[in-house]
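Trainee: I would like to go through this model and ask what stands behind each word.
Mentor: Go ahead.

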Amino acid sequence: MARVSAILSLAQAFRAGGYYLGRALRLPTLAACAVGAAFAASGYLLSQSANRLYIEGAARVPWALGAAEQLGRRARWRDASLFAVAMA
């Protein structure tokens, strides 16, 4: 049961990260939701469900990309700190 709970919580992190990336790329809300769902349901992430280290690292990718996109657009401390936390 703990494994299922961990996988579901990581799936929520994938969806939230994908949504953040979509909004950072200035996509409409529905398209950003689709980005999050597609990232969470991608074949690679589903096939790595037994290897938690890879999944936890992959959950940070959209957050880092979204923060890098925002940081490149306008240099703010909030975006820099989010990028640093995502890369840590």
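Trainee: How do you know that the length of helix 2 agrees with the number of its residues?
Mentor: The expected span of a helix is 1.5 Å times one less than its number of residues. Helix 2, residues 29-40, has 12 residues and should therefore span 16 Å; its end C-alpha atoms lie 17 Å apart, which agrees. Helices here are DSSP runs (H or I, at least four residues), strands are E runs of at least two, and both are numbered from the N terminus.

Trainee: What makes the buried residues of helix 2 lie on the same side?
Mentor: The buried ones are Ala 32, Gly 36 and Ala 40. They cover an arc of only 75 degrees around the axis, so they are on the same side of helix 2. The arc is taken from the directions that run from the helix axis to the C-beta atoms. On the other side of helix 2, Leu 30 and Ala 38 are exposed. Buried means under 20% relative accessible area, exposed over 50%, and partly exposed in between, with a 1.4 Å probe and protein chains only.

Trainee: How far can the model be trusted, and how are its residues counted?
Mentor: This is a predicted model, in which local features need pLDDT of at least 70 and side-chain atom pairs count only at pLDDT 80 or more, while totals for chains, interfaces and linings use all residues. Residues are numbered from 1 along each chain as its sequence is written, and side-chain values use heavy atoms, with hydrogens and water left out. The pLDDT, the predictor's confidence in each residue from 0 to 100, averages 81 over the protein, and 86% of the residues score at least 70. Among the elements, the lowest mean, 72, belongs to helix 3 (residues 43-47), and the highest, 88, to helix 5 (residues 61-73).

Trainee: Why is Pro 62 called buried?
Mentor: Its relative accessible area is 2%, and the limit is under 20%, so Pro 62 counts as buried. Pro 62 lies in helix 5. Leaving out residues up to four places away in sequence, Pro 62 touches Gly 17, Gly 18, Tyr 20, Leu 21 and Phe 39. Contact means heavy atoms within 4.5 Å.

Trainee: Is Gln 70 buried or exposed?
Mentor: Gln 70 has 11% relative accessibility, which is under 20%, so Gln 70 is buried. Gln 70 is also in helix 5, and touches Tyr 20, Ala 24 and Asp 79, again not counting residues up to four places away in sequence.

Trainee: What makes Arg 26 exposed?
Mentor: The relative accessible area of Arg 26 is 60%, and over 50% means exposed. Arg 26 sits in the loop between helix 1 (2-24) and helix 2. Its phi is near 65 degrees, a positive value in a residue other than glycine.

Trainee: Why are helix 4 and helix 5 called roughly parallel?
Mentor: The axes of helix 4 (residues 52-59) and helix 5 come within 4 Å and cross at roughly 20 degrees. Angles under 35 degrees count as roughly parallel, over 145 as roughly antiparallel, 65 to 115 as roughly perpendicular and the rest as oblique, so helix 4 is roughly parallel to helix 5. The axes are lines fitted to C-alpha atoms, for helices over the stretch in contact, and angles run from 0 to 180 degrees between N-to-C directions.

Trainee: Which residues meet there?
Mentor: Gly 57, Ala 58 and Ala 59 in helix 4 meet Val 61, Pro 62 and Trp 63 in helix 5.
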